[in-house]
Amino acid sequence: MDINNSFSPILQPVIKESDENISSHSLLELYEMKKLRLGLSDRAIQKLLGIQLNSLKPILEGTAKQINLVNFIKVANFIGVEFGKLASAYLPQMEADTIGEIQASRDAGYIVEMFDLQTLKKCGFLTSDDNIKEIVKKIKTFFNLKSLYDFAADDLGRAFSRTKKTSNEKMREFWIRSAYSQFVAINNSNRYDRKKLIDIIPKIKPYTRNEEYGLTIVAKALASVGVTVIYQPCLGKEQVRGATLAINGKPCIVISDLGKRYPTLWFSLMHELYHVLCDFDDILKNCYHISSENGDLLLTNEDKADYFAQRFLLSDDKLRFIEGYINSPTNVSEYARQWGIHPSFIYSTYCYKYNTWAKYSKYIPDTSKALRLINTNPFEANELIESADKIKQILMVNNHG
């Protein structure tokens, strides 16, 4: 049944004529004005609308805690106001507790659609005791949002499907948006210079030998040519290795601690630098590219990026040569020095090829020392801008565009 056309013909000529008065009159005032204009009694109107007085009065006075939707639409049609406009005008008249309940239910629907709450609790971002209002507050504070619904209102909006998301997809979006927010806050003012980047890349390898400061030094050098690099840990089961984003026309790289092995940090960095050099036009269109254990989610040349990163760190010829000395730490260390790489690159490449991690893992350090300076623990901060400010101070010092 079409509710708009279900009333007596006497009402049809006045439908929507009160739209312009909704902002200056209360619902009760509009009702009284319409009643006077039509010369009808309350009883006649109640009978006409099919609404009992004990249901009609709370709606008109804005005291109803639970509103029958059909009755509300009937009242809207009677006084001549579009349903959406009446609802917007009616909401402020309701009691604060009722408004809060309505808003909380709306927020809850949005939150379960956009966020994987269980994983965020396991990660420590949320606690099991957080209610909807507390979750909304944490998300708004973390991302520096004026409204919860601004979470997806940025350039990344077109990169994420609006269809129903799996748990991994929700966490992937949370991870990417966290990185995006930090890059925006860092706001690297240096111009992106592709030629200078090409000049820098061959000079990177020796810094891999500096386990404590090498990655930070290289990140500073890349920032000086407009390529911003940050670290961000994996979240949940989404095994993210790294990502490249395009922000203000500049490449932004985020590397993760997948596997928590020192060589993997550099492999991930070189992998993403390949995408900056070879795929940045596509990334500009898509806003971001992400690499995971399941492969690339937007591009098609992950094998080439892997090949570039591997050969840059340790060529196939050198790997074949060193395999005969793999059980001699002294020889491995000496050849690594000659080749300008950290010895762990030899062991990790060998282990990857022959799956001998248990035997040689003691020669492969974890990521803690390398990340000591640039690990700003973004997911442990109340606000991402805190993490961004710290990394900006590290990357941008003495850098000028």
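In which loop does Cys287 lie? In this predicted model, Cys287 is found in the loop that runs between helix α12 and strand β4 (288-292). The phi angle of Cys287 is near 80°, a positive value in a residue that is not glycine. With a relative accessibility of 5%, below the 20% cut-off for burial, Cys287 counts as buried. A positive phi, of about 50°, also occurs at Asn187, again not a glycine. Asn187 belongs to the loop between α9 and α10 (194-200). Is Asn187 buried or partly exposed? Its relative accessibility is 44%, and Asn187 therefore counts as partly exposed.

Strand β2 covers residues 240-247, and eight of its eight residues are buried, so the strand is largely enclosed by the rest of the structure. Strand β2 is joined by six bridges to strand β3 (residues 250-255), and the two run antiparallel. Within this pairing, Thr244 has Ile253 of β3 as its bridge partner. The hairpin formed by β2 and β3 has two residues between the strands, and in this hairpin Asn248 adopts a positive phi near 55°.

The largest nonpolar core comprises 91 residues, and the residues with the most contacts inside it are Phe115, Leu197, Leu245 and Leu269. Helix α12 (residues 262-286) contributes the most to this core, supplying 11 residues. When neighbours within four places in sequence are left aside, the contacts of Leu245 include Ile176, Tyr180 and Phe183. Further contacts of Leu245 include Lys250, Pro251, Cys252 and Val254, together with Phe280, Ile283, Cys287 and Tyr288. Another core, of 15 residues, lies apart from the largest one; Tyr31, Leu38, Leu60 and Val81 are among its residues.

Helix α18 (residues 384-396) has 13 residues, which at 1.5 Å a residue should span 18 Å; the C-alpha atoms at its ends are 18 Å apart, in agreement with that value. The buried residues of α18 are Leu384, Ser387, Ala388, Ile391, Leu395 and Met396. Viewed down the helix axis, these buried residues fall within an arc of 130°, so they line one face of α18. Against which elements do the buried residues of α18 pack? They pack against the helices α8 (132-143), α9 (167-186) and α11 (214-224), and also against strand β1 (228-231).

Conventions:
Residues numbered from 1 in each chain as written. Predicted model: local features only at pLDDT ≥ 70, side-chain atom pairs only at ≥ 80, totals over all residues. Heavy atoms only, no water. Buried < 20%, exposed > 50% of the residue type's maximum accessible area, 1.4 Å probe, protein only. Helix = DSSP H or I, 4+ residues; strand = E, 2+ residues; numbered from the N terminus. Pairing = 2+ DSSP bridges. Core = buried A, V, L, I, M, F, W, Y, C linked by side-chain atoms within 4.5 Å. Contact = heavy atoms within 4.5 Å. Expected span 1.5 Å × (residues − 1). Arc of directions from axis to C-beta.
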